[in-house]
Amino acid sequence: MRSNQDNHMIDKYQIEAHTGLAIKILAGQNLRITDIEGGQVVDLVSYSQQNSQEYLSSPRTMDFNNKIYFSSGDVLYSNLSNPMWSIAEDKVGKHTFLFAPCDQKMFEITYGATKPHPNCFDNLSSNLALFGIQPEQIFVPLNIFMNARISENGEIDIHPPRSKAGDFIKLRAEMDMIVGISACSAYKSNDYSFGPIRLEIISR
Ligand SMILES: [Zn+2]
C-alpha cells in the first residue's frame, strides 16, 4: 500500500507471524520496521542490487563498530566493507547480530520438533529466490529486537525482546539493495508468543 504523509511517500507492508518478505530498496530510502504488538524478533539480510555477492556482514559490522550490540548512529557494513545501512532511529536501543536464522534443523535439535516448523531460513530463502538470491547466500541476519546477553565468560543468555507494541527501528539504506525480512518463530527469542511486523519504505 502506498500513501503520502507529510510529503514523504510511504510503501507499507505487513508480515504476519511466522512469515517473511523480500523487497527492493534504493540508497537514501528509509526502512522502518515496527513491532506491532511487541516482543517479536525480526531477522534481516540484504544484498547489493549491483552485486549479489555483496551482503550484510555481521563480522565486518562488529569489527568496524567494536561492539556486538547495535543502535542509533551505528553503520552496518557489507562483506566488502562498504556501508549498507545506517541506524537512523531506534526505540529499543539494542539489537544483536550474532545468530544464524532459525531453521528446521534448529527446531529439531533445540526443541525436539518432529514435524515441519515455520522458520526464518525458509521464510528468507523462499522470498529471496524471487530476486535470484540462493539459499547458500544467506548468512547471519541482523537479529532486530533480539535480547541476547553475553556474560564475561562468554555464556549466552536469551531474554524476552525489549520491544513494546509500536516500537520501531528505522534503517537508512546506503546502497541499492534486495532485503529479506522474517518474523522469527524461535520460542525462547520471542518469549513463546508471535506477532506481526509492519514495514514501511519511506522516500523523500
Ligand atoms: Zn527465526
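The model is predicted: local features need pLDDT of at least 70, side-chain atom pairs count only at pLDDT 80 or more, and totals for chains, interfaces and linings use all residues. Residue numbers start from 1 along each chain as its sequence is written. Helices (H or I, at least four residues) and strands (E, at least two) are DSSP runs, numbered from the N terminus.

**Open sheet**
- An open sheet of 7 strands runs in the order β1-β2-β15-β4-β13-β8-β7 with antiparallel pairing, where two strands pair if DSSP finds at least two bridges between them.
- The edges are β1 (2-5) and β7 (75-77), each with a single partner strand, so one side of each has no neighbour in the sheet.
- From one strand to the next, the twist averages 25° (axes are lines fitted to C-alpha atoms, and angles run from 0 to 180 degrees between N-to-C directions).
- Within the sheet order, β8 (residues 83-90) and β13 (residues 167-173) pair antiparallel over 5 bridges, and Asp90 stands opposite Ile169 in β13.

**Hairpin β11-β12**
- Strands β11 (residues 147-150) and β12 (residues 156-159) run antiparallel and are joined by 4 bridges.
- Asn147 stands opposite His159 in β12.
- The two strands form a hairpin with 5 residues between them, and Gly154 in the turn has a positive phi of about 95°.

**Helix α3**
- In helix α3 (residues 120-128), 8 of the 9 residues are buried, so the helix is largely enclosed by the rest of the structure.
- A residue is buried if 20 or more other C-beta atoms, placed from the backbone, lie within 10 Å of its own.
- Among the buried residues are Phe121, Leu124 and Leu128.
- Their cover includes β3 (20-25), β5 (42-48) and β14 (177-183), with contact meaning C-beta atoms, placed from the backbone, within 7 Å.

Key:
A residue is buried if 20 or more other C-beta atoms lie within 10 Å of its own, exposed if 12 or fewer, and partly exposed in between; C-beta atoms are placed from the backbone. Two residues are in contact if their C-beta atoms, placed from the backbone, lie within 7 Å.
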